[in-house]
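Take a walk through this model, one region at a time. Begin with an open space, then turn to helices and strands.

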Amino acid sequence: MWSDIASSINALVPGAGEPLLPRVEGRLTRVVGMTLEAEGVDVSIGQACDILTNSGPVAAEVVGFSDQKVFLMPMAQASNLRVGTRVRPRARADGILVGNGLLGRVIDALGQPLDRKGPLSDVADSVLGQQAINPLDRHPISEPLDVGIRAINGLLTVGKGQRIGLFAGSGVGKSVLMGMMTRFTQADVVVVGLIGERGREVKEFVDHILGKEGLARAVVVASPADDAPLQRLRASHLATEIAEYFRDQGKNVLLLMDSLTRYAQAQREIALAIGEPPATRGYPPSVFARLPQLVERAGNGVEGGGSITAFYTVLTEGDDLQDPIADSARAILDGHIVLSRRLADEGLYPAIDVEASISRVMPNVVSEQHLRAAQQFKGMMSQYTQNKDLISIGAYQPGSDKTLDLAIERLPYLKDFVRQSLNQPVSFRDAEQGLRKLLQPAPLKPSMDRASAQADSQSL
């Protein structure tokens, strides 16, 4: 019957383009927290709807159903909701705008400009939710990526197309490190997703950390903490889709998402609101299913195409690396860089804990000499850390362990290698040469006396 009616309508409206299909409206029956329940509407999971309130339509998305009840969640704060409010499905799925016109712009989760620079230009419509690349079609990671950070280039080398996590608690300097990589990385396009951050931090990141030079080749997608959970989810996928668009154009893209934890928390809010039972520390199973669906979209494209090198920040609550989201992220990412609060408190920036960090693709993208030098550096740091207490109280006798003696002697140089100015990039080549020079048998400069070395050890 519906097809006959639709055919009759289309016959009366020639040249209408897409077929005109009737839309069956429903009614709100219940509102509990952020979840809206409706009946009498024919929709599918993920479909967009309009809640027709007295103050205007409110965008919502279908997030579940039970029997004849449909669960929706508004995309923004909704008011004037009451029993019987009409629910109208949208005729078509929401699309996104992609193109070179996005460069230098700051947009929200819906793709609307936030920077007051006028409407977007030089963009075209695309569909949100493209299919992921067949894993066998992806080009393997074989080239290093110069991120301009000496400690990462030299000790935790990143490859083009790698996905790596930045694990840190609050206030340890992850946003500053992201800004440095945005300005220094040798990439054609940078896409930044600020997910669930404080509203003031968005402007601070764009104006002070990113800067005009970094913004010129970047696209920033911002969804602050006061946005609805659906908007935070959508912003994460939008940033990834934009990165995929530029990768498909043959460009090398750097994707920075801050943070993967806020993405997981948004999915947790939605899942718990529709009745999904919590599993691990309050996180429902759907959260751990969503994470790889997002992360796996990054990486290299097909042979001869572009790449997406992705950095995802992961907030470790109480600096606990065994947090469920941190543990899950380590399992699906190609490496992790841990930022240490202890090092940050000492004023060592970037506060990268070299011993706790690893790049899983480093052996595939650097020479054997470079890899051995990085392993030697880590070994010296580890040797010193394990004996730090003995050295501090003077219980260690010099000459007992040649490796430890060398670690004590070179400690100031090891720390200087990790330390870097916020505005001074260090190329991949300079980092490799500096690492080899640091580990040469001959001293770099007159050695510190034993007492000075032990005194310096108190700050590490």
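A pocket here is an open set of grid points, on a 1 Å grid over the protein atoms alone, with protein on both sides within 12 Å along at least five of seven lines. Its volume is the space filled by probe spheres set on the points. The model itself is predicted.

Start with the second largest pocket. Its volume is about 510 Å³. The lining counts 29 residues. Nearest the centre of this pocket lie Lys174, Ser175, Glu197, Arg198 and Glu201. By class, the lining holds 11 charged, 11 polar and 7 nonpolar residues. Three helices each supply at least two of the lining residues: H3 (174-184), H4 (199-215) and H6 (260-273). The largest share comes from H4, with 7 residues.

Now move to helices H13 (residues 402-418) and H14 (residues 428-438). They pack at an angle of about 175°, and their axes are 11 Å apart. Angles over 145 degrees count as roughly antiparallel, and H13 and H14 are therefore roughly antiparallel to each other. On the H13 side, the contact is made by Arg410, Tyr413, Leu414 and Phe417. These meet Ala431, Gly434, Leu435 and Leu438 in H14. By class, this contact has 6 nonpolar residues, 1 polar and 1 charged.

Finish with the strands. A barrel closes from 6 strands, in the order S1-S2-S5-S4-S3-S6, with antiparallel pairing. Neighbouring strands of this sheet are turned by 45° against each other on average, direction ignored. Where do S1 and S6 join? Strand S1 (residues 26-32) and strand S6 (residues 86-89) run antiparallel and are joined by 2 bridges. Gly26 has Val87 in S6 as its bridge partner.

Notes: Residues are numbered from 1 along each chain as its sequence is written. This is a predicted model: local features need pLDDT of at least 70, side-chain atom pairs count only at pLDDT 80 or more; totals for chains, interfaces and linings use all residues. Side-chain values use heavy atoms; hydrogens and water are left out. On a 1 Å grid over the protein atoms alone, a cavity is a set of points where a 1.4 Å probe fits but cannot get out, and a pocket is an open set with protein on both sides within 12 Å along at least five of seven lines; lining residues have an atom within 4 Å of a point. Helices (H or I, at least four residues) and strands (E, at least two) are DSSP runs, numbered from the N terminus. Ala, Val, Leu, Ile, Met, Phe, Trp, Tyr, Cys and Pro count as nonpolar, Asp, Glu, Lys and Arg as charged, and the others, Gly among them, as polar. Axes are lines fitted to C-alpha atoms, for helices over the stretch in contact, and angles run from 0 to 180 degrees between N-to-C directions. Angles under 35 degrees count as roughly parallel, over 145 as roughly antiparallel, 65 to 115 as roughly perpendicular and the rest as oblique. Contact means heavy atoms within 4.5 Å. Two strands pair if DSSP finds at least two bridges between them.
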